[in-house]
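Dear colleague,

I am handing over the structure below, and I would be grateful if you could look through it alongside these notes.

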Amino acid sequence: MSDMKEKLHTGELYLPGDEDIIKEQVVYQDLLCDYNQTKPSESEKRAEMLKRMLGDCGEGVYIEAPFYANFGGHHCHFGKMVYANYNLTCVDDTHIYVGDYTMFGPNVTIATAGHPILPELRENLYQYNMQVHIGRNCWIGAGAIIMPGVTIGDNTVIGAGSVVTKDIPANVVAVGNPCRVMREIGERDKQYYYKDRQIHWDEMEKE
């Protein structure tokens, strides 16, 4: 293994054009390309392909095509029943961890890769990677961008279009650019699912 390849997961500066990195990366990118050519009716084929592509793939993971990832999803670790709508982009140069039952709206970007502020380093193509951790049963709204090194706690909702630059705790609704906690998930959320629309628990239990 080259020194550069070891630095993918250490947060150190490295050169992503390293021959050993590219050699491995293109294999997973080819698999991802094949995945994006599948038909919606080929759900079983997609499920099998995801098990080959992803670093970890829990039961019931479903990712709408097209799906984009720098390493073809090889550094993505998804728990069970994770759902991603169209155009999920995972800049998975290092590891992305997603807990069970988490959902992604369309056009979400999860980035682990960063580029130095110093122009000389960027000119020489240096990069660094920081892991992203997303908890269990989160909802990441459409168009949200999650930046390198961020952790999002369990059950949290990230509003559409948010840019998440810092850690967000569990059990909150957070929105904006930069993304900030708006409120905790509380008692009212047990009664209303959207504005003044009530949750009819008795009817749902019958279903």
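A charge counts as sitting over a ring if NZ of Lys or CZ of Arg is within 6 Å of the ring centre and within 35 degrees of the ring normal. Arg 46 is placed in this way over the face of Tyr 35, at 5.9 Å from the ring centre, and Arg 188 lies over the face of Tyr 192, at 4.2 Å from the ring centre.

Please note that this is a predicted model, in which local features need pLDDT of at least 70 and side-chain atom pairs count only at pLDDT 80 or more, while totals for chains, interfaces and linings use all residues. Residues are numbered from 1 along each chain as its sequence is written, and side-chain values use heavy atoms, with hydrogens and water left out.

The structure holds one aromatic pair (rings of Phe, Tyr and Trp, the last by its six-membered ring, pair if their centres lie within 6.5 Å; planes under 30 degrees apart count as stacked, over 60 as edge-to-face and the rest as tilted). Tyr 62 and Tyr 83 form this stacked pair, at 6.4 Å centre to centre and with 5° between the planes. Tyr 62 lies in strand β2 (residues 62-63) and Tyr 83 in strand β5 (residues 83-84), so the pair ties together parts that are 21 residues apart in sequence; strands are DSSP runs of E, at least two residues long, numbered from the N terminus. Tyr 62 is partly exposed, with a relative accessible area of 25%, and Tyr 83 is partly exposed at 26% (buried means under 20%, exposed over 50%, and partly exposed in between, with a 1.4 Å probe and protein chains only).

With kind regards

Terms used
Helices (H or I, at least four residues) and strands (E, at least two) are DSSP runs, numbered from the N terminus.
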